[in-house]
Amino acid sequence: MASGVRVTDEVVAVFNDMKVRKAQANEDEKKKRKKAVLFCLSKDNQTIVLEDGKEILLGDLGTTVQDPYLDFVKMLPPKDCRYALYDATYETKETKKEDLVFIFWAPEEAPLKSKMIYASSKDAIKKKFTGIKHEWQVNGLEDIKDRRTLADKLGGTSVITLEGSPL
């Protein structure tokens, strides 16, 4: 069921910036890359927008952010829905990888109307996010607080580290 909600150009630009990793990026460009970002519905529920102040930059790692995954989980509102992109860095037994994960956060405590609007608008944002390999619907902190759950989504038992930490 489509809701008629539009996705702003800014949301698409953020996705494209996160998807394309420039090999020749200088240090300043790398520091400004987004590690995680939240998207929400506008106040009038007509558009999907970037949520102000709800992002983690690569430049924050090691300074204001020690564990990007835990900081990301803390950004999620306990009583409302969101869409998120998380740039997961992980290692399997064979290689190091980075993958974007699209997350639909719909906690049990969210109002029913919010869950319905976000659920019916999910296709609009997914259509703009071409090439996403991993999608994850999360319905509460119990589902997301353990990094092992994300590792399972990324590659199951072959994943041995996530964000530089062993599992």
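## Strand β7 and its partners

In this predicted model, Tyr 90 stands opposite Leu 162, a residue of β7. The strands β4 and β7 run antiparallel and are joined by three bridges.

On β7 there is also a pairing with β8, again antiparallel, through two bridges. Here Thr 161 stands opposite Pro 166 of β8. The two strands β7 and β8 form a hairpin with two residues between them, and Glu 163 in the turn has a positive phi of about 55 degrees.

## Helix α6

Helix α6 spans residues 147-155, and its buried residues are Arg 147, Leu 150, Ala 151 and Leu 154. Viewed down the axis of α6, these buried residues fall within an arc of 105 degrees, so they line one face of the helix.

The elements covering the buried residues of α6 include the helix α3 (68-75) and the strands β4 (82-92), β5 (96-105), β6 (134-138), β7 (159-162) and β8 (165-166). Just after α6, Gly 156 takes a positive phi of about 65 degrees.

In soluble globular proteins, nonpolar side chains tend to be buried together. The largest nonpolar core of this model has 25 residues, of which Phe 39, Ile 48, Tyr 83, Leu 85, Ile 125 and Phe 129 touch the most other members. Two or more residues each come from α1 (9-19), β2 (34-41), β3 (47-57), β4, β5 and α4 (112-128). The largest share, five residues, is given by α1.

Leaving aside residues up to four places away in sequence, Phe 129 touches Val 11, Phe 15, Phe 39, Leu 85 and Phe 102. Apart from this core lies another, of 24 residues, including Ile 56, Val 101, Trp 105 and Leu 162.

Terms used:
Residues are numbered from 1 along each chain as its sequence is written. This is a predicted model: local features need pLDDT of at least 70, side-chain atom pairs count only at pLDDT 80 or more; totals for chains, interfaces and linings use all residues. Side-chain values use heavy atoms; hydrogens and water are left out. Buried means under 20% relative accessible area, exposed over 50%, partly exposed in between (1.4 Å probe, protein chains only). Helices (H or I, at least four residues) and strands (E, at least two) are DSSP runs, numbered from the N terminus. The arc is that of the directions from the helix axis to the C-beta atoms. Contact means heavy atoms within 4.5 Å. A nonpolar core is a set of buried Ala, Val, Leu, Ile, Met, Phe, Trp, Tyr and Cys residues joined through side-chain atoms within 4.5 Å. Two strands pair if DSSP finds at least two bridges between them.
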